[in-house]
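Please read the following briefing alongside the sequence and the coordinates.

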Amino acid sequence: MKSPLLEFTDKGIYCEKADVFLDPWKPVKKAIITHGHADHSRWGNKEYITHHRNIPIISHRLGDIKTTGFEWGETFIINNVKFSLHPAGHIIGASQVRVEHKGEVWVFTGDYKTEDDGISNPYEPVKCHTFITECTFGLPAFKWLPQKEVLADINDWWLENKKEGKTSILFGYSLGKAQRLLKYLDTDIGTIYTHGAIENMTEVLRPLVSFPPTKLVTKETTKKELLGNIVLAPPSAHGSSWIRKMVPYVTASASGWMTFRGARRRRAIDKGFVLSDHCDWQGLLSSIEATGAEKVICTHGYSDIFSRYLREQGYDARTEATQYEGEQGEMETSKSVSES
Amino acid sequence: MKRFAQLIKTLDSTNKTTVKVDALTQYFLEAGDTDKVWTIAILSHRRPPRPVNTTLLREWASELANIPLWLFEESYHIVGDLAETIALVVPSLKSSTEKTLTQFLEEMIALKKKSDHDKKQYLFENWKELDYYERFVFTKLITGGFRIGVSQKLMTRALSKATEIDEDILAYKLMGNWDPNTISFQQLVLEEHKSDYLSKPYPFYLAYALEEVPESLGDVNEWSMEHKWDGIRSQVILRNDEIFVWSRGEELVTDKYPEFEQFISFIPNGTVIDGEILPYPKGQIGTFNDLQKRIGRKSVSKSLLTKVPVILKAYDLLEWQGTDIRQKPFSERRQLLEALFETVATTTLSHQKSKTTEQSESGGTQRNRSDLPLQLSETMQFDSWQEVAKERELSREKHSEGLMLKKLDSPYLVGRKKGDWWKWKVDPLTIDAVLTYAMRGHGRRSNLFTDYTFALWDENENGERELVTFAKAYSGLTDAEFRTLDAWIKKNTLERFGPVRSVTPHHVFEIAFEGIALSNRHKSGVATRFPRMLRWRQDKNIHEANSLGDLKALIPNSAKAE
């Protein structure tokens with residue numbers, strides 16, 4: 001029996017014909033990397049093949065690594081297998097990977113979202129036979145509002161806190177979510193302060209996207225100067241002594257998980273904004289339909305439930321275990337900042 | 001409704017008590033009177049009966065959401081709250097309602113009697129027309145209680161701020177049986193009505209657990225000790241030739257304990273006793289497990305009455321000769337209580353005379369009062385705290401949970417207060433068990449696996465060692481420990497059964513519990529009372545966990561009799 005074009009091995013998703021791995025979770029020779037989050041671009045690979053815009057991100061995170069960059073849609077051939085990268089809309093520089101061999105096409109999404117966030121190149125559906133999709137939010141309970149509405153709510157919240165003489169602290173991943181928030185915060189309201197992890201990552205991305213100015217919170221920053229302003233911080237900073245020094249403050253988190261009342265309460269956050277860099281339920285379904293794929297492989301997220309639903313809809317769908325953390329990743333609070 | 005939904009949203013989105021009280025106070029100042037009454041009713045668990053059963057709610061919600069029922073159920077397992085799941089999955093429109101909370105509740109009450117077709121139509125209309133949060137609140141009103149971290153006490157505090165009526169007086173007014181449908185805000189909160197107080201209990205005085213050494217309480221001579229009985233804390237009220245039995249949960253349970261009816265013949269009107277309802281099979285105090293057979297049954301069969309009779313163990317006297325005596329020192333209240341017991345044992349009450357005389361004349365036998373299901377909880381005084389500690393060691397033998405320490409000069413306070421009363425329980429029993437199954441938690445913990453099942457070693461008929469489930473527990477770990485375990489469970493799942501996952505036997509936990517008894521309703525043959533995780537024994541492997549035999553050895557001989 002002919003082995004499939006892409007296989008799930010203990011090191012990661014493997015293309016035997018090209019001897020290359022996609023987002024491997026153990027060190028390999030040649031890795032094609034969808035995006036810069038820690039669970040997709042791990043340490044220790046000999047070569048990192050990725051989109052140009054992702055190179056500064058993974059170089060910042062992983063240090064001295066060997067990288068090869070490509071443009072969207074640019075084809076590169078390894079051992080007669082045709083590869084190309086296509087925008088995934090997840091974060092800056094995030095790609096889907098298209099793999100073609102003898103007319104058979106597979107697409108691996110990495111992480112993706114359907115809405116254009118204005119800073120990542122927007123998601124483009126790619127026709128394929130087999131579609132490997134994440135399904136972090138693969139439940140009908142997840143429905144995103146247009147980002148314009150959510151961001152307007154966030155700015156209103158900031159303004160209200162300012163009126164009450166309080167500092168606003170907004171939690172978001174230091175890579176991706178933080179920049180998406182930063183891009184749209186209304187600097188007429190006040191100054192945007194950042195946690196070190198976010199400041200550093202944003203510095204790396206400034207050459208690629210224009211962002212409003214930010215000020216790093218340092219030891220010298222006083223409570224008083226923060227009052228009425230907003231502080232962008234990674235989720236792991238919640239409850240730390242770094243935050244406690246900022247009283248009086250109000251906290252909020254921007255994440256898809258904020259859909260659940262329990263998720264916000266569990267973390268003792270004052271306010272939750274539902275804003276995700278992943279697809280919601282409808283987003284997943286419409287993307288799958290747009291690829292024209294017959295076979296769907298569901299990776300991280302509510303994969304069992306989601307693939308069962310797809311099978312009922314007539315797809316040949318199944319689940320594969322991976323070590324991507326779409327589900328826990330965003331929830332985790334104790335994770336070290338550098339991993340985000 | 002808009003205003004009420006806004007209130008719930010504010011209450012739900014803060015963990016700060018002051019913010020909650022302020023939001024409630026503001027609401028009580030602004031909302032309409034009938035809405036206020038309903039809000040008080042809802043926040044004190046007096047919602048109207050559920051108009052639609054949850055099976056239908058699930059079916060209809062999945063129909064409106066255009067998803068299969070199984071997918072709705074899976075979503076519900078993950079979200080952890082039915083109303084929230086429904087509000088999330090049904091299609092969203094950005095409209096809002098002008099109807100008041102009262103209008104909605106009146107509609108829901110009327111809905112109960114309608115046909116399924118009408119019910120479905122009513123739900124569809126509202127689900128479609130309300131915005132997300134209103135839809136959640138609307139569905140919550142249909143499905144049940146709002147668990148939003150607002151205790152009755154907190155609500156009472158806010159109501160007191162809004163009305164400038166004393167908090168204790170309000171707590172008293174809001175107790176008991178009142179119908180939000182018929183009572184006005186004026187009647188419920190603002191007016192003073194003597195006759196309304198007939199069935200009304202006093203708020204219970206609750207003790208905190210003693211965490212310091214007892215010596216920290218000072219002179220032992222200022223304290224009275226008694227055993228802490230493990231039953232249902234209750235108040236028995238005798239007024240106007242009627243008896244009312246209230247449980248600590250402010251539930252009127254008179255009908256569940258018909259054996260107390262005869263108190264009317266022996267205890268004078270204007271008496272309120274604070275005590276504990278205890279199971280008393282075979283003339284001795286039983287286990288909580290025995291009492292469980294009586295709890296939750298409104299009408300009690302004769303055979304159950306014979307099998308698990310109950311008694312009232314009296315602790316305190318709150319009202320005597322129609323006067324509230326809660327401000328008198330504990331020692332004086334006890335003297336009155338003990339005098340009352342004397343009276344009951346020796347004299348026949350005047351208003352009861354005719355009945356008894358008739359009985360004797362018609363040849364009936366005089367009732368033996370020592371058979372009354374009423375006992376005094378014996379108080380003790382000691383010369384030293386060491387002696388108190390010795391008495392505490394005898395608790396399990398005496399079927400108690402430990403000791404209650406009460407200051408002799410203490411008044412009867414309202415709610416849980418520190419200082420005058422302390423409970424000093426015996427140390428829990430413990431056993432090391434293996435984690436075998438996990439389920440997602442509810443509410444605050446709905447996305448974490450926090451509800452666990454534990455097993456102990458046993459030998460099967462082939463002489464092989466196997467793990468046998470013995471208890472479930474979901475409390476006792478820190479948030480960080482729960483997160484670590486949650487991640488581990490997700491990676492070490494063996495099988496899934498709906499919301500439940502079996503996991504690789506690997507982790508050992510020290511499980512603590514308050515009581516233990518034989519049980520034929522449990523697979524292990526043993527029931528434990530209030531099991532919880534005392535600590536995560538990461539130093540132990542599963543083969544070092546205890547056996548079912550070890551657990552059974554903890555059962556006191558008296559509880560094995562059955």
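A residue is called buried if 20 or more other C-beta atoms lie within 10 Å of its own, exposed if 12 or fewer do, and partly exposed in between, with C-beta atoms placed from the backbone. By that criterion, buried residues make up 36% of the 562 residues in chain B. This is a predicted model, in which local features need pLDDT of at least 70 and side-chain atom pairs count only at pLDDT 80 or more, whereas totals for chains, interfaces and linings use all residues. Residues are numbered from 1 along each chain as its sequence is written, while chains are lettered from A and ligands numbered from 1 in the order in which they are written.

**Overall build of chain B**

- Chain B holds 20 helices and 22 strands, where helices (H or I, at least four residues) and strands (E, at least two) are DSSP runs numbered from the N terminus.
- The radius of gyration of chain B is 27 Å, close to the 24 Å that the globule rule gives for 562 residues, so the chain is as compact as a globular protein of that length; the radius is taken over C-alpha atoms, and the rule is 2.2 Å times the number of residues to the power 0.38.
- Taken along the principal axes, the C-alpha atoms of chain B fill a box of roughly 75 × 70 × 55 Å.
- Of the contacts in chain B between residues at least 6 apart in sequence, 72% join residues at least 24 apart, a contact being a pair of residues whose C-beta atoms, placed from the backbone, lie within 7 Å.

**Helix 15 of chain B**

- Helix 15 (residues 330-346) of chain B has 17 residues and reaches 24 Å from its first C-alpha to its last, close to the 24 Å expected at 1.5 Å a residue, that span being 1.5 Å times one less than the number of residues.
- The buried residues of helix 15 of chain B are Phe330(B), Arg333(B), Arg334(B), Leu337(B) and Leu340(B).

**Thr163(B)**

- Thr163(B) lies in helix 10 (residues 152-163) of chain B and, with 16 C-beta neighbours inside 10 Å, counts as partly exposed.
- Leaving aside residues up to four places away in sequence, Thr163(B) touches Val189(B) and Leu190(B).

**Contact between the chains**

- The contact takes 26 residues from chain B and 20 residues from chain A.
- On the side of chain B that touches chain A, helix 5 of chain B gives the most, with five residues.

**Confidence**

- The mean pLDDT, the predictor's confidence in each residue from 0 to 100, is 91 for chain A, where 95% of the residues reach 70 or more.
- For chain B the mean pLDDT is 87, and 91% of its residues reach 70 or more.
- Over residues 349-367 of chain B the pLDDT stays under 50, and the model has seven contacts beyond four places in sequence for them.
- The model scores ipTM 0.90 and pTM 0.73.

Definitions and conventions
Two residues are in contact if their C-beta atoms, placed from the backbone, lie within 7 Å.
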